[in-house]
Amino acid sequence: MNTPDSLPQSWPRKLSKVLLHPLVVSSVAVAGIAAFQAERISDKVTEALFPAAPAPVTEVKALLVSEFEGKTELTTAEVLLETVVRTHQDRMLGHLYLGQTVVLYQGVGRVRAGIDLDQLEVKSVDRANGQIHILLPPPYLVQADLDVDESGILEHHRTWLAPNVEAQLYTEAQQTALLQIREQACQDGLLQKADQEAEMIVRNILQAAEYQEITIESQLARSPSCLMNAGR
């Protein structure tokens, strides 16, 4: 049995010849190149799937959100409207009229509109020269509800053998009143006002942050139909 002391003196020379054989060297080189290329491809795929936002863009969005205590839903316009709705139901026996139940309801409602800051797009930023280009998201209706303290039944009555459906008519009148108030707010240009106010607010914040050349584009034309949260 050969011990380390008894190995031939030529053994290191033989080992070096094996390790430096062209096939061994080329195999190691190919493996190294393949590993390097695989790492580069992996990095490119990661960048494509999860691109990092430029630092100035991230800072601008953080600046705007921080002004509203972390809220991304920015309400910029509000209107208070009222309407009167008449609902009724008749009772008939064939062609014979037996009576009618009527509810006259006054609805007072508040409608709010604004923008979603999460959808705000920073097109370009040049902090050194104080230049910034912002694309506002389309405005939408944030909330529409009735003021239960101010709204109520103005009149209700039943004639002859009219059905006892006041509660049903009351609910129907509320729903109709809210729909009419929402439509009136849209017709009165609430979304246009929300868009204008949003632009002014964002511009003021950017000016306070020492931006001098501020370009703000509106997407009012892309606003959804005047429905609650439509197209968000």
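In this predicted model, the count of aromatic pairs comes to two. A pair of aromatic rings is described by the distance of the centres and the angle of the planes, and the table sets out both values.

| Pair | Distance between ring centres | Angle between planes | Kind |
|---|---|---|---|
| Tyr-97 and Trp-160 | 5.8 Å | 65° | edge-to-face |
| Tyr-105 and Tyr-170 | 5.6 Å | 80° | edge-to-face |

Where do the partners sit along the chain? Tyr-97 belongs to strand S2 (residues 96-116), while Trp-160 is in the loop between strand S6 (152-158) and helix H4 (166-187), so this pair ties together parts that are 63 residues apart in sequence. Tyr-105 is in strand S2 and Tyr-170 in helix H4, so here the parts tied together are 65 residues apart in sequence.

Tyr-97 is partly exposed at 34% relative accessibility, and Trp-160 is exposed at 70%. In the other pair, Tyr-105 is buried, with a relative accessible area of 1%, whereas Tyr-170 is partly exposed at 30%.

Next comes the interior. In soluble globular proteins, nonpolar side chains tend to be buried together. The largest nonpolar core here has 18 residues, and Val-60, Leu-120 and Leu-206 are among those with the most contacts inside it. Helix H3 (55-66), strand S4 (131-135), helix H5 (190-208) and strand S7 (213-217) each give two or more residues to this core; the largest share, four residues, comes from H5. Beyond its neighbours within four places in sequence, Leu-206 is in contact with Val-60, Ile-132, Ile-134, Tyr-211 and Ile-214. A second, separate core has 13 residues, including Ala-113 and Leu-178.

Finally, return to Tyr-211: Arg-127 lies over the face of its ring, 4.3 Å from the ring centre.

Conventions. Residues numbered from 1 in each chain as written. Heavy atoms only, no water. Core = buried A, V, L, I, M, F, W, Y, C linked by side-chain atoms within 4.5 Å. Buried < 20%, exposed > 50% of the residue type's maximum accessible area, 1.4 Å probe, protein only. Contact = heavy atoms within 4.5 Å. Phe/Tyr/Trp six-rings, centres within 6.5 Å; stacked < 30°, edge-to-face > 60°. Lys NZ or Arg CZ within 6 Å of the ring centre and 35° of its normal.
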